Amino acid sequence: MKRIVAGVVAHVDAGKTTLSEALLYHGGTQRQLGRVDNGDSFLDPDTLEKQRGITIFSHQASVTYNDLNLTLLDTPGHVDFAGQTEQVLPVLDYAILVISATDGIQGSTRTLWRLLKKYQVPTFIFINKTDVVGANPHKVIQELQAEFSSACLPFTESLTADTIETIAMTDDDVLNDYLDSGNLKDETIRQLIARRKIFPIYSGAALKLTGVDDFISGFSKWTIEAPFSPDFQARVFKISHDNKGERLTWIRVLGGTLKAKAEVLPGEKANQLRVYNGAKFTVNQAIPAGGVCAITGLTSTFPGQGLGKAKDQPLNEIQPVLSYAVKLNGVDPHKCLLALRELEDEEPHLNVQWSEHLQEIHLQIIGEVQFEIIQQLLHQRYGIDIEFNEGNILYKETIASRVIGIGHFEPLRHYAEVHLLLEPGKTGSGLQFNSDCSVDILSHNWQEQIMTSLHNKEHRGVLIGAPLTDTKITLINGRGSIVHSVGGDFREATYRAVRQGLMMLKQTGQCKLLEPWYQFRLTIDQEHVGRAINDIQQMAGTFKLNNDNSSSSTTVITGTAPVTEMRKYAQTVRAYTHGQGQLELTVMGYQECHNASEIIADANYNPTADLANTPDSVFCAHGAGYPVKWDQVPSMAHVQD
């Protein structure tokens with residue numbers, strides 16, 4: 001029997017969960033068709049999901065059609081929970097992208113398409129709600145072909161000659177074979193779909209089960225089971241906690257077999273192997289390659305982590321852009337911090353931090369709906385009622401040129417010196433750490449201590465103290481003492497080296513402040529175009545008019561703008577267009593801050609006064625350690641580069 005793991009993805013209200021329910025109903029997994037608006041859907045078992053009528057967490061279900069065993073992973077549709085969707089994508093064989101026949105492509109649809117492309121997930125498309133007044137599936141197909149790929153093709157039970165010819169034209173080798181033989185084999189089409197050369201489109205109304213049979217038949221016919229290696233490997237795609245508080249690690253087995261009680265990580269065993277179907281589960285003794293399960297007993301796992309021979313998969317496409325401080329309202333800060341840490345375990349994008357200086361808890365989120373869900377989760381799970389302050393934009397810092405930073409730590413009976421090369425990294429690359437230092441200069445043990453220190457700290461910039469990003473840091477030199485050096489000495493020298501290098505760059509204006517930017521799509525009547533363009537320019541944004549149809553009364557404006565300027569612009573658009581305008585926003589990443597001088601001045605950050613991140617070093621003379629300012633360190637260093 002062919003086994004396929006497929007993820008159902010969509011923008012909000014496209015009918016993603018409704019399609020999943022229809023697939024489960026057709027396969028006999030459930031006896032009646034659940035509905036999101038009735039709160040009885042099989043794949044939205046969580047109380048919050050029933051209350052809000054939206055999917056907040058990813059869920060698993062299984063169904064069998066003839067010779068196809070299908071594991072469905074239903075994912076959140078709201079853009080605030082796109083991080084949960086991103087976690088699921090690397091473990092999928094195929095994705096089912098649901099698009100509303102009335103709404104067409106939305107901002108979050110574009111985000112999903114970008115993620116599907118990044119993780120190279122073969123994709124089937126289901127145009128839903130074709131029975132609703134105003135539905136125009138033909139127009140949606142045209143949008144898909146224009147915006148996403150010309151290879152988004154309507155599929156029917158028997159493919160037409162035109163469709164077969166179009167399919168052949170997606171690949172030069174296939175086209176040559178087709179022209180020679182006049183025939184296109186089904187297996188060739190399956191391979192083209194698996195290679196993301198073709199994206200089959202089906203349509204219907206999932207709520208009324210229209211078109212679902214055709215989709216199931218097509219999906220069964222045109223999918224291929226993935227090959228697996230004999231050696232055990234698996235990937236973590238989700239962390240959750242059951243109703244008893246037990247931690248669950250959700251994985252897809254990518255090779256070999258996972259057996260119960262096996263040691264998956266050093267000192268951590270897979271106690272239970274649970275195969276979920278909605279809210280219920282069965283306990284298995286072994287999970288073969290291709291299977292999906294939730295494991296109990298693991299404490300240090302995280303989404304994207306590779307187990308066995310699988311490598312870790314960085315999940316950094318979706319990033320939070322807002323920061324909130326918690327108003328405890330009399331709640332024990334320790335209790336609140338523990339609760340938020342557990343939520344952070346499930347949703348790593350939260351990035352919960354305790355500010356010792358301010359005695360405050362800070363957390364980062366993607367959007368306002370996620371913020372409301374966190375409040376409700378804290379209340380329902382832990383009985384904690386808190387508030388949050390006005391959200392702040394999350395700034396980051398980077399560098400524009402290379403420099404060698406030097407850190408020296410030598411109080412009495414301690415010794416370490418570290419030289420680090422700081423270089424600009426690619427946009428969106430984060431921090432990268434490497435070593436290019438001979439073990440003849442620094443022993444392997446000392447180098448390991450330095451690299452561990454680099455990885456274990458969130459390094460902050462020297463402009464406003466924001467997190468450092470898009471920087472490559474390489475260990476190139478240093479010195480230790482067999483008698484006096486201990487691990488903590490290299491940690492202190494390493495941190496000082498990073499900051500000292502940043503201060504050198506700041507002195508020459510080579511430190512840059514970054515802020516998150518939106519990619520926007522604004523649809524308005526032509527009479528409001530002048531107002532919109534003026535607003536965008538005032539927000540330091542860029543824009544492009546997209547009015548290909550001169551007879552249309554509406555204009556589409558696309559472009560980019562800082563999150564800090566545009567985050568509340570949707571309300572303004574609704575006001576001046578009397579509710580007719582539509583603004584779609586997608587976080588596109590970090591770019592140089594448009595008003596950096598103003599932000600830096602307002603922050604009034606003094607990097608030399610930040611004692612937890614000091615750029616200064618400590619040297620020793622006459623039996624006593626003494627501080628040396630960062631700008632004097634290179635001339636006093638014991639090692640010359």
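Modeller: A definition comes first: buried means under 20% relative accessible area, exposed over 50%, and partly exposed in between, with a 1.4 Å probe and protein chains only. Helices (H or I, at least four residues) and strands (E, at least two) are DSSP runs, numbered from the N terminus. This is a predicted model, in which local features need pLDDT of at least 70 and side-chain atom pairs count only at pLDDT 80 or more, while totals for chains, interfaces and linings use all residues. Residues are numbered from 1 along each chain as its sequence is written, and side-chain values use heavy atoms, with hydrogens and water left out.

Biologist: How many of the twelve residues of helix 4 are buried?

Modeller: Nine of the twelve are buried, so helix 4 is largely enclosed by the rest of the structure. Among the buried residues are Arg 110, Trp 113, Leu 115 and Leu 116.

Biologist: Why does Lys 117 count as exposed?

Modeller: Lys 117 counts as exposed because its relative accessibility is 54%. This lysine has its place in helix 4. Its C-alpha is separated by 18 Å from that of Gln 519, 402 residues apart along the chain.

Biologist: And what span does helix 4 reach?

Modeller: From first C-alpha to last, helix 4 reaches 17 Å, close to the expected 16 Å; the expected span is 1.5 Å times one less than the number of residues. Just after helix 4, Gln 120 takes a positive phi of about 50°.

Biologist: Changing topic, how many cavities of 30 Å³ or more does the structure hold?

Modeller: There are five. On a 1 Å grid over the protein atoms alone, a cavity is a set of points where a 1.4 Å probe fits but cannot get out, and a pocket is an open set with protein on both sides within 12 Å along at least five of seven lines; lining residues have an atom within 4 Å of a point. Grid points are joined across faces, edges and corners, and a volume is the space filled by probe spheres set on the points. The second largest cavity has a volume of about 60 Å³.

Biologist: Which element gives the most to the lining of the second largest cavity?

Modeller: Helix 4 does, with three residues. The lining includes Ser 108, Thr 111 and Leu 112, as well as His 78 and Val 79. It divides into five nonpolar, five polar and no charged residues. Here Ala, Val, Leu, Ile, Met, Phe, Trp, Tyr, Cys and Pro count as nonpolar, Asp, Glu, Lys and Arg as charged, and the others, Gly among them, as polar.

Biologist: What about the second largest pocket: how much space lies in it?

Modeller: About 1100 Å³. Of its 37 lining residues, the closest to the centre are His 78, Val 79, Asp 80, Leu 583 and Leu 585. Strand 31 (582-592) supplies the largest share, six residues. Helix 4 (107-118) is one of the elements that each supply at least two. The lining divides into 15 nonpolar, 13 polar and nine charged residues.

Biologist: Finally, which residues does Leu 522 touch, sequence neighbours aside?

Modeller: Not counting residues up to four places away in sequence, Leu 522 touches several residues, including Ile 557, Tyr 569 and Leu 583, where contact means heavy atoms within 4.5 Å.
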